[in-house]
Every structure is written in structure tokens, then in C-alpha cells.
Amino acid sequence: MTGNDFSAELRDLNATLDSVTAVLDLDALTREKNELEAAALAPDLWDDVTHAQKVTSRLSYVQNELNRVANLRRRLDDAEVLWELAASEGDSSATAEAGEELADLRKSIEELEVRTLLSGEYDEREALVSIRSGAGGADSADFAEQLMRMYLRWSERHGYPTEVYDVSYAEEAGIKSATFAVKAPYAYGTLAVEQGTHRVVRISKYDNQGRRQTAFAAVEVVPVVEQTDDIEIPDDEIRVDVYRSSGPGGQGVNTTDSAVRITHLETGIVVSCQNERSQLQNRATAMGVLKAKLLQRKRDEEQAKMDELRGSVAASWGEQMRSYVQHPYQMVKDLRTGWESANVMAVYDGEIDGLIEAGIRWRKQQENRRDGDGA
């Protein structure tokens, strides 16, 4: 890279960061940080635990966003200084180091730029993720558990708190279904692109002849319901069952029948929660999950009506959207965006930012195209 190339790249990155920070509105974020810091110091903050958790979670997010931008600005300035010093002293190793730093900066700024694409009605909210095994027997159940671990590891890598509400274990291995929350701002807008049918192709661990098996699992992502949402569920529209929680192998977790399963009679939606000791707590959590699913259903119905009026067909999130091939070759490929990686194990270990970012950009393109068709 020549000096002119480096300078041009640096100017481009600074311009991109300027446009990103304009959308993020750093002045508004700074004001919000000051307000949240004052709220966090209130002596009665923890009298309302739910409110306190929201305040501290939002404060952590805002502080991280501001620090992230400030750190990128500092790194851009440092890269320019490093390049100038390397050029003046003819230091080839320092020149190479500056070039590598510039490449890392572009990746980091592009990641931040993706955040500006999350402008949907519920994108700022936390997410509820449900995973269900599909066709494929034990391999499907095992794959469903692998996907659950993948998303939990992704959340852990980003420092996002999670809470597992319910896991239904399969008889031989893996899980039939699971529901968990990712408690971070913009978790819904980020993870919504993961919704759909996932397919794995591999040598089955459960086939004594070692044959190749194709299995499927479904991922559903909905936004967490807030008090401002108009979602009311009359008691006569639900059936509530209580049962004893169980883990792998059917071992009892609780000594009382505290797990709760709620069935919404009109839609047939069933939700469960067994992570709390109290039946009342499990019921409250399960109701929250049910409201979130009903909110998403209402949103999908409204979108379907809009698509019908436009005369266009929106992309179906329920269709197969990603393949994880482990035999005869190694490849994870998103069928919507074309993004692929040969490192399947790294993806399973939560390295899915590339997949998610490509999905968010693809979704934005679909929305723009749909809006253009409806104009």
C-alpha cells in the first residue's frame, strides 16, 4: 500500500464513521447516559428490580456504544500517526502493522454501520428465541441443541445476558424444543435474521452404519413485550397446566409441580417455563413469552395485509435459509445472502457475526425493494 492509498483509505473510513455517528446521534446518547447514571444512583433504584435491571442494562449499552465510537476515533488517529512514523523512518514492519490495523478498522466500522440499519419498530428490544427440532430424528434433536449452544455462545462472546426459560429434552439425545431470552438492546433486530429453517448434512452419530443424514431445526425470534404493547389475554382464552420440571434423562429438577405450560386456545400456541422455583414466577414468565409470540403473530398478519395490497410477496422467513454441511465437505452457507464459511466448528461456537451482518444488509435491501414496489 502506498502513502496515497493509505491516506485515501483513511479518509474513506473517517467519512464512513462520520455518517454512522450522525445516525447514532452521539449527543442524544450522551444525554441519555447522564440521565441513566443519575437514575442508577437513586437510593430506591432496587426497590423495583425489573426497573433497576432495565436501567443498568440500558446504561451499560449506551456507555459501550459511546466508548466504541471513541475507541474507533482514537484508533484511526493512531493509525495515521503510525503510518507517518513508519514512512519517515522507512520501517517496513511498522508499515505492515499500520496496514493491518487499517483493515481491522474497516471491519470494525462496517460492523458498527450495520447497527444503523436496525430501524424497525421493535428492533431496539430484547429477543426471545425458540428452537424446535424437525425432520431427522435424533440428529434433528442433536442439531437443535447445537443451534441453541451456538446462539448462547454468540451472546456470551458479546457480553449479552441470557436466560433459558424452558428446555424439552429428546429421549435419545438433544432437545425437542427450547426457549431463551437474549437480554440486550437491539437483540431482536439483530437476531431476527436468524429466523427460519436450518438444515444440517453430516454423518449421523446415531446410525450404526455411519450413513449420511440430513436433519432440520426451526428458529423463531420474537421481540420481548413491553408494558406499552396492547396485548391482552383473557383467562378464558388460555389453558394452564402445571407439571414437574425435568432435565436430561427425566431427572426431577424441582421437588414440586412448579413448571407451567400455557396453551392459547384460539391460535394453538403453546409456551412453557420451568426455570423458576415458584409456580407463580413460571406462569408470569410463560405469559410474557405468549404475549411476545402473539405480538409477532399480529405483526406478521399486518405485514401480510400490506403485501397483499402492494401486490408483492415478501420473503418467507419460514423457508429453509441456511445449510450446515459437514459431509462430504465442510461448509456453512446462507441461502439468502450467499455468505459462506468452511469453518463449521467456529460457527457452531458462536462466530456468526458475519452471517448476521450479511442477513441484516440483505433484509434492508428486501425492505427497500418492497417499499419501492409499493410506491
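## Strand β4 and its partners

In strand β9, the bridge partner of V200 is Y324. The two strands involved, β4 and β9, pair in the parallel sense over 5 bridges; strands pair if DSSP finds at least two bridges between them. Strands (E, at least two residues) and helices (H or I, at least four residues) are DSSP runs, numbered from the N terminus. The model is predicted, so local features need pLDDT of at least 70 and side-chain atom pairs count only at pLDDT 80 or more, while totals for chains, interfaces and linings use all residues. Residues are numbered from 1 along each chain as its sequence is written, and side-chain values use heavy atoms, with hydrogens and water left out.

Strand β4 (residues 196-203) is also joined to strand β5 (residues 212-223), by 8 bridges, and these two run antiparallel. G196 has V219 as its bridge partner in β5, and H198 stands opposite A217 in β5. Of the 8 residues of β4, 6 are buried, so the strand is mostly covered. Buried means under 20% relative accessible area, exposed means over 50%, and partly exposed is in between (1.4 Å probe, protein chains only).

## The sheet of 8 strands

Strands β4, β5 and β9 belong to an open sheet of 8 strands, in the order β2-β3-β1-β5-β4-β9-β10-β11, with mixed pairing. At the edges stand β2 (162-169) and β11 (340-341); each has a single partner strand, so one side of each is left without a neighbour in the sheet.

Helix α5 (residues 137-158) lies across β1 (127-133), β2, β3 (175-182), β4, β5 and β9 (320-325). The helix runs at about 45° to β5. Axes are lines fitted to C-alpha atoms, for helices over the stretch in contact, and angles run from 0 to 180 degrees between N-to-C directions.

## The sheet of 3 strands

A second open sheet has 3 strands in the order β6-β7-β8, and its pairing is antiparallel. The edge strands β6 and β8 each pair on one side only. From one strand to the next, the twist averages 15°. Strands β6 and β7 are joined by 6 bridges, and R239 stands opposite T263 in β7. Strand β7 (residues 259-264) is joined to strand β8 (residues 270-273) by 4 bridges, one of which pairs I262 with V271. These two strands form a hairpin with 5 residues between them, and G268 in the turn has a positive phi of about 80°.

S258 lies in the loop between β6 (238-243) and β7. S258 is buried, with a relative accessible area of 2%. Beyond its neighbours within four places in sequence, S258 is in contact (heavy atoms within 4.5 Å) with Y243, S245, E276, R277, S278, Q279 and N282.

## Helix α3 between contacts

The axes of helix α3 (residues 49-89) and helix α4 (residues 92-115) come within 10 Å and cross at roughly 155°. The two helices are therefore roughly antiparallel to each other. Angles under 35 degrees count as roughly parallel, over 145 as roughly antiparallel, 65 to 115 as roughly perpendicular and the rest as oblique. The α3-α4 contact has 13 nonpolar, 2 polar and 8 charged residues. Here Ala, Val, Leu, Ile, Met, Phe, Trp, Tyr, Cys and Pro count as nonpolar, Asp, Glu, Lys and Arg as charged, and the others, Gly among them, as polar.

Helix α1 (residues 3-24) also meets α3: their axes come within 11 Å and cross at roughly 165°. That makes α1 roughly antiparallel to α3. On the α1 side the contact includes F6, L10 and L13, and on the α3 side V69, L72 and W83 are among the residues. The residues of this contact divide into 10 nonpolar, 3 polar and 4 charged.

## Backbone exceptions

Most residues other than glycine have a negative phi, and most peptide bonds are trans. D25, in the loop between α1 and α2 (26-40), has a positive phi near 60°. D25 is partly exposed, with a relative accessible area of 36%. Y186 lies in the loop between β3 and α6 (187-191), and its phi is near 70°, again positive. Y186 is buried, with a relative accessible area of 12%.

The peptide bond from H327 to P328 is cis, with omega near 10°. P328 is in the loop between β9 and β10 (331-334).
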